Amino acid sequence: MNPQTNQKSDNLIFAPNVYLFTYCLINQAEKLDSPLWKQGDKILKAFTNQTITEHLVFSGDLTSDRLYLFKDSHLAFTSTQNPKIEGFAQPQKIQDSYALWLNIGYSDKDETVGDVEVEVLQKLNPNHILIPPKDDQILGQTLLITAWLTNKTKQPAPDDLRKLADQCCQSLLGDKTPPFYRAGELFESAIFEYGKPNQADKYPQVLVWLFRDEKADQQYDKYQQELIALFFYRTKIVKAFADSRLVYTMLDQAYSLIEDNLDNLQTELATSNTSTNDNYLKNFKTQLKNLAKESLPYTRLLRKMEDFDNTIEINLYNYKETIEQICGKLETDQEKLYFLKYFGEETAPYFHRQIQADLGYFKHGTDLVNTAIASIRGIVEIDQAERDRQHIIKEKTQQDKQEKANQDLQDQIQAVGVGIAAGAIFASVSTLITEPWSLPSRDHIFLPLHPFVIAFIMSVLCSWGAFWVSKKVIKKRRSTLK
């Protein structure tokens, strides 16, 4: 239906509508308590007594990539406070996430409504209820504002269209309006985007689509489900990149810590004196354990970064496939959808290249740690081997000293034994000292030996013989034992 003409103001629009596309990760333990359904109920509460949770049905093939969660596909409602405002809600399951498609606005089929001022959009977002709460499960959202240009403004200048789009965005979101990002055309009607993809943690994506004629409106109605999927893939990509920036910060801090530790190790290696520092090996073994301990969370962060990169790759492929599906149904060239293609051709590939560059840089940290660990392990092993060798030499020296001490003791014992034996010999023959000793005479020319001397010599000879025999026997026995 063509919009009504109204000459009262220059910022008039016809049939303004807000479409909310919000996505949230599935938590099987909280099907009905998902923050997405709670947010949907909060929005509906401002317009109707109906809720999303009371109509949810978790049945059918839950393994399917796409599933409607209402028995009747969607829930239609009319505002209890303003009957001219109506809308609908449609929850879905898309792959590993829930999606909520929600519409609030004025019908373009009601001829009694006529043109309205842009400020009427404030009524569609009371108390900023369209902005989702901060929750780790919520992936993000896209806000689409559609409005017909009036007959008076059907051929406005580009600058005037931009001003009108700014007014629409400002009226709906107030001080939460994201910055302007880019402008283009979609199905031959002007469309404007607010909120930069790399600032998704601060602002949602907001699109203002100003219908020039029925063509854009009809194409939107025809490809609504494809757009829901398209915005879903975009949200997953943007969320993955935003999360990768958080991991980047943690990796950067961890990398700096590793570099500092390696510098300290290098200094310690250059200044440590193994000969005077008894704790040398102990300190380096501790450093080795610390490096291994630090490398584990660092490696996990790298894996997270790789997961984000894979998420971007997969969803970028799906994004481009969806664009091709729309083009196939339209039987038109993809350039007609350049405004939508831009994200898949420029933004998402940039995210992918950025993460690839980050991975290339931070993987050097893993190489540094592995090299340092290998180097320290080698140094420790070499020094340990040298210390073991010195310890063996020291033990051998101590053993030699002990053997010498034992030998000296044995010698002393032998000397004492000889002394005792000599004393025993002397004691045994001492009684012969008093024996008479005849002097030489005519009959005995040679002087006979004194009995004491004879006994002493014989005792010494017997002792030496016993010692010699014992030594030979002991030596032979030792040789046999060896």
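Helices, of the H or I kind with at least four residues, and strands, of the E kind with at least two, are DSSP runs numbered from the N terminus. In these terms F187 sits in the loop between β8 and β9. The structure is a predicted model.

- Strand β8 (residues 180-186) pairs with strand β9 (residues 189-194) in the antiparallel sense, over 6 bridges.
- Within this pairing, E185 has A190 in β9 as its bridge partner.
- The two strands form a hairpin with 2 residues between them.
- F187, in the turn, has a positive phi of about 55 degrees, although F187 is not a glycine.
- F187 counts as buried because its relative accessibility is 13%, and buried means under 20%.
- F187 also belongs to one aromatic cluster, together with Y19, W148, W209, F211 and Y220.
- The side chains of E193 and R182 form a salt bridge, at 2.8 Å from N to O. This pair joins distant parts of the chain, with E193 in strand β9 and R182 in strand β8, 11 residues apart.
- E193 and R182 are both buried.
- A network of salt bridges links R182 and E193 with R234.

- Most residues other than glycine have a negative phi.
- N127 is not a glycine, yet has a positive phi of about 55 degrees.
- N127 lies in the loop between β6 (115-117) and β7.
- The relative accessible area of N127 is 76%, so this residue is exposed.

- Helix α1 (residues 35-45) is largely enclosed by the rest of the structure, because 8 of its 11 residues are buried.
- The buried residues of α1 are P35, L36, W37, Q39, G40, D41, I43 and L44.
- These buried residues pack against β1 (12-25), β3 (75-78), β4, β5 and β7 (138-149).

**Further salt bridges**

- The whole structure holds 12 salt bridges.
- Side chains of opposite charge can pair when their charged atoms come close.
- One of the salt bridges joins the side chains of K236 and D96, at 3.0 Å from N to O. K236 is in helix α4 (residues 224-271) and D96 is in the loop between β4 (85-94) and β5 (97-106), so the pair links distant parts of the chain, 140 residues apart.
- K236 is buried, at 11% relative accessible area, whereas D96 is partly exposed, at 38%.
- E345 and K341 form another salt bridge, with their closest N and O atoms 3.8 Å apart.
- Both E345 and K341 belong to helix α6 (residues 338-429), where they are 4 residues apart, about one turn of the helix.
- An α-helix has 3.6 residues a turn, so residues three or four places apart point the same way.
- E345 is partly exposed, with 42% relative accessibility, while K341 is buried, with a relative accessible area of 8%.

**Contacts between helices**

- T311 is found in helix α5 (residues 280-330), and T311 is partly exposed, with a relative accessible area of 25%.
- T311 touches K236 and A240, when residues up to four places away in sequence are not counted.
- The C-alpha atoms of T311 and I237 are 6.9 Å apart in space, and the two residues are 74 residues apart in sequence.

**Aromatic pairs**

- The count of aromatic pairs comes to 21. Among them are Y319 and F343, whose ring centres are 5.4 Å apart and whose planes meet at 55 degrees, so the pair is tilted.
- Because Y319 lies in helix α5 and F343 in helix α6, the pair ties together parts that are 24 residues apart in sequence.
- Y319 and F343 are both buried.

**A nonpolar surface patch**

- V453, I454, I457, M458 and L461 make up a nonpolar patch on the surface, and together they have about 430 Å² of accessible area.
- L461 is found in helix α7 (residues 451-481).
- With a relative accessible area of 52%, L461 is exposed, because the cut-off for exposed is over 50%.

Note on methods
Residues numbered from 1 in each chain as written. Predicted model: local features only at pLDDT ≥ 70, side-chain atom pairs only at ≥ 80, totals over all residues. Heavy atoms only, no water. Patch = residues over 30% accessible without salt bridge, like charges linked within 9 Å, V, L, I, M, F, W, Y side chains within 5 Å. Areas by Shrake-Rupley, 256 points an atom, 1.4 Å probe, with all protein chains shown as cover. Salt bridge = Lys/Arg side-chain N within 4 Å of Asp/Glu carboxyl O. Buried < 20%, exposed > 50% of the residue type's maximum accessible area, 1.4 Å probe, protein only. Pairing = 2+ DSSP bridges. Contact = heavy atoms within 4.5 Å. Phe/Tyr/Trp six-rings, centres within 6.5 Å; stacked < 30°, edge-to-face > 60°.
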